[in-house]
Amino acid sequence: MILTTPAQRRALLERAKSIAVVGASNNPLRPSYTVFSYLRTLHRFDLAPINPTIAQIDGVAAYPSLTAYAHERGAPDIVDVFRRPSEVVPVVQEAIAVGAKAIWFQYGVINDEAIALADGAGLDVVVDRCIKVESARFNGGLSMTGLNSGIITSRKSESTA
Amino acid sequence: MQDHDFGFATRAIHAGTPPDPGTGSRSMPIFQTAAYVFGTTEQAAELFQLRSYGHIYSRISNPTVAAFEERMASLEGGLGAIAFSSGLAAQLCTVLALAQAGDHLVSSQNIYGGTVTQFTVTLKRMGIETSFAPVDDLAALEAAMTPKTKLLFAETIGNPSGAIADLSALAALAHKHGIPLVVDNTFASPYLCRPIEHGADIVVHSATKFISGHGTTMGGVMIDGGRFDYGSGRFPLLSQPSPGYHQKVFTETFGEYAFLMRARAEVLRDVGAQMSPMDAWILLLGLETLPLRMEAHVRNAKAIVAFLESRPEVEWVRAPQMGSIFTFGIRGGREAGRRFIDALELWSHLANVGDAKSLVIHPASTTHSQLSDDEMRKAGVAPEAIRLSVGLEDVDDLTWDLSNALAASQRGALAETAR
């Protein structure tokens, strides 16, 4: 299912335990590094970079492929994708093959074929969103920095996203 | 959590202020603290490197101030906001986030006198030049653009001329030249106009006016729409490694948040013009009634305009189609204007607008007194102009007072002696 609403994204982040970040970079200037290192600070996800060109990010071992990751760690709850739109169909095929439950396409990673493929295979799909921003939207991080979370509620927060 | 688009009045009361997660306090607590303990040294390092969200020192961010910022971002339809100690501080820091010595701004000339002075004196001394043109003369604004121009500046409703900016035309002009449109929305408030919806990129306010609503609190705020792409090469402060912040390239690391992150992590941090938590709390309270107050301000202003237009002592009334602040010209020029103000009993003679109390001022001798006659005319202010900011009192009481003072204004030397 393609998840389009904040409540759906929040539920996905709350039930996820493991995230494989495809295309994560060890260059601190890259958005993928920023997102990966932010997710680490939350201490609630089992994280791994998927990138055949690096060995590790800040001491977290990288896997050359989703297949190699799944062989050791099992199916990831979320596959977070930082790749050019033209290169993501094989990523989706691999995600389906290893039994990933959800695929998250970061800002600008938009490929209709890949989206339809993942949706058709029963994965939860998030498109053109940043997993860091969405996580911070629900855990209060955005609000802490004067950013517009869009959250309106009179209930006391119990979110762990 | 359910998905729903909340309306303006609901957001004016709720945005940024869910119940306090620690205590359940329904009112936003005032976090009167200078600093925040770190957990581990690792967590401290994560915060300083902008990897995680959190507070370090209240010069850079504070929970109560952040609640005000988020509410303003919500009401203006922006990505985020930064609060400052005043509207002029918000404006200065916005400029400093985009421009440095050698750069250039293009501005509407129909703007607040204090802004003209900030641009032509203080920014000029810092090496940033400004060219001015009438807000409705797009050709002249375009002719003023140079390759060093970093932003186009205008006020939604010009102070005090009442000139209304054609925001979509100005946005198109700015974007054609690869620069953002910065709009001062103080006189409209987000209730009457949301510039980002009309193409503006950045909105600034003096929060002292309608946002406070009661003339109690100095404050400013800048809201970023988050749509402008600063990665074109024209904004090296955002797209080159920053010696001010760990050699970060803000556009690369933060994407659409680049401008907000640099404006906070470098400019606010280094200028130190932050809002205090107590002031943010008062402004949050003010915002809760913004929709109600603006409706009443506008209703009263319409009644006062109609009253003035019926009076023989009034030569002209220049009221914009929007808002509750306008000017009128009194028969008898500068001297009659002085006698008029001195005869008022209920209207407060002071240099502010957007208060629940009705306010009056003679711009030529006060807010715009730093300007030359030529600059005054350019700003659209006549020497005989009197500016009114219509408050929330009973209209009958306001017109009673105006009526007496208008009569007194025409009595000339006789009235002088009587006083």
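This note goes through a predicted model with chains A and B, point by point.

1. Conventions. Residues are numbered from 1 along each chain as its sequence is written, and chains are lettered from A in the order in which they are written. Because the model is predicted, local features need pLDDT of at least 70 and side-chain atom pairs count only at pLDDT 80 or more, while totals for chains, interfaces and linings use all residues.

2. Chain A against chain B. The interface joins 26 residues of chain A to 35 residues of chain B; two residues are in contact if their C-beta atoms, placed from the backbone, lie within 7 Å. On the chain A side, helices H1 (6-15), H2 (31-41) and H7 (141-144) each supply at least two residues. Helices (H or I, at least four residues) and strands (E, at least two) are DSSP runs, numbered from the N terminus. H2(A) gives the largest share of this side, five residues.

3. The side of chain A that touches chain B has eleven nonpolar, 13 polar and two charged residues. Here Ala, Val, Leu, Ile, Met, Phe, Trp, Tyr, Cys and Pro count as nonpolar, Asp, Glu, Lys and Arg as charged, and the others, Gly among them, as polar.

4. Strands S1 and S2 of chain A. S1(A) and S2(A), residues 46-50, run parallel and are joined by five bridges; strands pair if DSSP finds at least two bridges between them. One of these bridges links A:Ser18 with A:Asp46. Together with H2(A), the two strands make a right-handed β-α-β unit, meaning that, with the strands pointing away from the viewer, the path from the first strand over the helix to the second runs clockwise.

5. Helix H4 of chain A. A:Gly99, with a positive phi near 85°, follows the helix.

6. Domains of chain B. An automatic or database assignment gives domain 1 (8-288) and domain 2 (291-418). Their centres, taken over C-alpha atoms, are 31 Å apart. The contact takes 29 residues from domain 1 and 30 residues from domain 2.
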